[in-house]
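This briefing covers aromatic rings and nonpolar packing in one model. Please keep the sequence and the structure in view while reading.

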Amino acid sequence: HRRRLLSDQQLSELGLLWHDLGLTPDYLDPSEIAVVELRDDDPVWTISQLETRLYLGNMLLRDSDVNGMAHSLEIRVPLLDQRVLDLVLALPGKVRLPPGAPLKHLLRHAFADVLPPAVLQQGKRGFTLPIRRWMTGALRPMCQQGLSRLKSTGLLNPRGVDAIWNGFLREPESPIWSRAWMLCVLGLHLQGPR
């Protein structure tokens, strides 16, 4: 659920019902879930399978490929070599992610003799665009125009659209911004070229 853009309740409020879409009650494609091995005794294994099947391929690799091609970059993902994956996925979760260990525990341990301690001790750093700030500032009229168009199409329940947008306005610094942004972009796309 953490990786999804919208919750089950939000999808329902938008008028998108799992049974009408041919999905499982948690809005997943039954064929994708059927091949995932779920282990009650190893939640790390289960999450790894779900992340690999539903997030890595559908989002991370797709985004890397699209952005690499758009900017003439050749992007390589060496840690996705089949031999590396087979080795790591064969390890129990308690070995891959011991309680209290830092993220990327195995990777840090594997390269401890090559990388300086300062690098090994760094936390994860990311880069984010100030989209949420733009949405409440310079892009707000455009966002509202997109939302208005989206609500007029009848594709989604307008009350659900408003609920997501108003939730974003109440908490613009929360992850809700991506939900509101997606609806704005969809509406602008449906509007067509200006």
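A search of the whole structure finds one aromatic pair (ring centres of Phe, Tyr or Trp, the last by its six-membered ring, within 6.5 Å). The model is predicted: local features need pLDDT of at least 70, side-chain atom pairs count only at pLDDT 80 or more, and totals for chains, interfaces and linings use all residues. Residues are numbered from 1 along each chain as its sequence is written, and side-chain values use heavy atoms, without hydrogens and water.

**Aromatic pair**
- The ring centres of Trp165 and Phe168 lie 5.3 Å apart with planes at 45°, so the pair is tilted (under 30 degrees is stacked, over 60 edge-to-face, the rest tilted).
- Trp165 and Phe168 are three residues apart in helix H10, about one helical turn (helices are DSSP runs of H or I, at least four residues, numbered from the N terminus).
- Trp165 counts as buried at 7% relative accessibility, and Phe168 counts as buried at 0% (buried means under 20% relative accessible area, 1.4 Å probe, protein chains only).

**Nonpolar core**
- The largest nonpolar core has 19 residues, of which Met135, Val161, Trp165, Phe168 and Leu183 touch the most other members (a core is a set of buried Ala, Val, Leu, Ile, Met, Phe, Trp, Tyr and Cys residues joined through side-chain atoms within 4.5 Å).
- Helices H8 (131–136), H9 (140–153), H10 (158–170) and H11 (176–191) each supply at least two residues of this core.
- H11 gives the most to this core, with five residues.
- Leaving aside neighbours within four places in sequence, Phe168 is in contact with Arg132, Met135, Thr136, Ile176, Trp177 and Ala180 (contact means heavy atoms within 4.5 Å).

Methods. Buried < 20%, exposed > 50% of the residue type's maximum accessible area, 1.4 Å probe, protein only.
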